[in-house]
Amino acid sequence: MMTIFSKNNEIKQKKEILRGLYEENLKILGKGGARIYKQRPFFFRKMFLSFCLAIAAVLLHGIFFNTAFFPEKELTASIISQNVPLMSVKAPAEDLLATSDYKAFINNQGVSLSRMFGLGVKTIMIDPGHGGADSGTIGKMGTMEKDVALDIARRLKERLTKTGHYHVLMTREGDVAVPLNKRVSMTQAARADLFISVHLNYLPAKPINIIETYYFGPTSDVKTEKLVEQENAGSEYGLSDFREMIEKIGDTLKLQESREFATAIQKNLFVNSRMHDGAVYDFGIKRAPFVVLLGVEVPAVLAEVSCLSNRQEEKELSTEGHRENIARYLEAGIMDYLNKGDLTHEAKR
Amino acid sequence: MKQKDEQKQGNLFVGIDLGTSRSSISAGNNTREWIESYVGWPKDFIAQQVVGKPVLFGSEALLNRLSLDLCRPLERGIIKAGIEKSDEAVKEIIKYLIGLAKPASDQKICAVVGVPADTLKVNKLAIRSAVSENVNALMVVSEPFAVAYGMNLLNNALVIDIGAGTTDFCIMHGTIPAEEDQKTILTAGDYIDEQLFSYLTEKYPSSKFNKNMVRQFKEQFSFVRDVPEDMQVVIPVNGKPVMHDIKNEIRRACESILPALVETTTEMIARFDPEFQVRIKNNIVLAGGGSLIRGIAEYLQDALKEYGTCKVTAVSDPLFAGSDGALMLAQDMPEKYWEQLN
């Protein structure tokens, strides 16, 4: 008797398991609704009907009274472009460097020089960090910074090109080593109006996921100095070049615009990433003397879009969906910067 | 019975274990085959002339690795979708394995594919799209779950699948395991290889090893604690073959995975109600290539003794335990379910 009972129990268990497995696979296929339902008693059907009616009533209420029922649709730049601050971006405390009598005017954050002089953006240069023998940082599961940065850059290029407004170029299209000075000269030769370098961070001491964005400027932070040393390795610049480059530091327009650009990128990256990963940290915008940022003469930022030392993030980065999302956030950041003052832009899925 | 009817209707059921190191297939027509999970494409036109094929698999790919772009698609347990040719390599492996099962030209393939637990969590869609091209209907499951089903360990059991890239833990409690019932750690076979490589390089600095040789040593001798035999191998030193004693290094490397193994096992068991903990502790099964390490089941059993009595066993055929379990799932799956999964 006991044997028959346990046998029946086992068969029932198997059926449940097979059914669970089937439903799980349907979900992956996006056919979640095709599950096989048992006929439910009338009471449950009645409850379900009432629930549906209640939901419909709430939705209609939202339509007629202009209620934002799906706040996540107000994604990225559209939120950020508004005057209500969603988050505080940690900016360096120092004022912008300026040598002229117009210091007060130039440092007025309400005034954008590019907008004042009607300067537009036609060509965007995307710089996927590292490449070739220089793999950049490597995650614990073997994911290399150079591969992920290239993939995100390609996706970003595709998205920006699709808008039909910009000529988009990349400093490397494949897994090849490109010295930093070559990246700068390519940007100058292409007469690019905007430069964004895509990198991934690595924090050996802390298993957290962070996002930070840099623009050119001096730093007193030891950790940032170390990162700069790593990223500047292989620049192939000589000392004679460096003197000329340092003279460019006083380029106020570039500094001001780069800072605005970095703010837009950081906000969009962080706010949107936080929707998927509640534990992501905002390390804000920072100044750092990356030579690739100094060399280019247009607004330029270096975005550390993710963190390979965080195992969960490394896993996520192995999915195309996550990399596409990062490209989407970067696109939203660029659009946010370019549509300064406009409230209409929304990142496209 | 149902399965036999469906075979008559022209379906071939297959179970595939897509592993980091080895992949196997068990088919309803009694075919059982395995390959090493390596795929290689000739680097250029000359390489293609030398190897004579557009794509090579398993040991043949390893033998010709200098002429090939070699890919081990599930290295570290996940597919890097869209980079490093991982998804393309998975497609090739599945196509090749199904070819080995020799289906009739008019047979429809219904496949259950077991993948490392992390792959399932992270790359659900990527794995489906990589595999679905070569089959008519497909289900993807985690490897330890396929092993558990094949061994009828549906309730109160812990399956530990020690693979190459990952060690997967899966607790069975009468339902399909949820994400919190499964855990993956990276201390597995590849980690042992890395440790062994560094120990041997340290002990014999002038000897020439490569990672493939080290893996072969591990597979030939692996053990924990002690075994009576000597372990000596011939390795070239300045071109001359020289005998090396590697017993101590093998033991140290194999034992390097034990702390994480014991810690994760106790952590997984501790998640459950004390009443169930006792039952699970008496039903721990080791699977995967790592279960072939001599003495590992006994070690784990002794290490867990301080938490009460427990019983640890190893599957009898780790190479096919996953694919056999996946085949059993495929055969037990009702026909109406398969129809939706085309």
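## Helix α6 of chain A

In this predicted model, helix α6(A) is followed by G164(A), a residue whose phi is positive, near 80°. Helix α6(A) is mostly covered, with 14 of its 18 residues buried.

## Composition of chain B

Chain B contains 15 helices and 15 strands. Of its 342 residues, 49% are buried. Where contacts in chain B link residues at least 6 apart in sequence, 69% of them join residues at least 24 apart.

## A five-stranded sheet in chain B

Five strands of chain B form an open sheet with mixed pairing, in the order β3-β2-β1-β7-β8. Its edges are β3 (32–36) and β8 (137–142) of chain B, each of which pairs on one side only. On average, neighbouring strands of the sheet are turned by 15° against each other, direction ignored.

Within this sheet, strands β1 (residues 11–18) and β7 (residues 108–115) of chain B run parallel and are joined by seven bridges. In this pairing, I16(B) is placed opposite V113(B) of β7(B).

## Helices against the sheet

Helix α4 of chain B (residues 86–100) packs on the sheet, where it touches β1, β2 (22–27), β3 and β7 of chain B. The direction of α4(B) makes about 130° with that of β1(B).

A further helix, α6 of chain B (residues 124–132), lies across β7 and β8 of chain B.

Key:
Residues are numbered from 1 along each chain as its sequence is written. Chains are lettered from A and ligands numbered from 1 in the order in which they are written. This is a predicted model: local features need pLDDT of at least 70, side-chain atom pairs count only at pLDDT 80 or more; totals for chains, interfaces and linings use all residues. A residue is buried if 20 or more other C-beta atoms lie within 10 Å of its own, exposed if 12 or fewer, and partly exposed in between; C-beta atoms are placed from the backbone. Helices (H or I, at least four residues) and strands (E, at least two) are DSSP runs, numbered from the N terminus. Two residues are in contact if their C-beta atoms, placed from the backbone, lie within 7 Å. Two strands pair if DSSP finds at least two bridges between them. Axes are lines fitted to C-alpha atoms, for helices over the stretch in contact, and angles run from 0 to 180 degrees between N-to-C directions.
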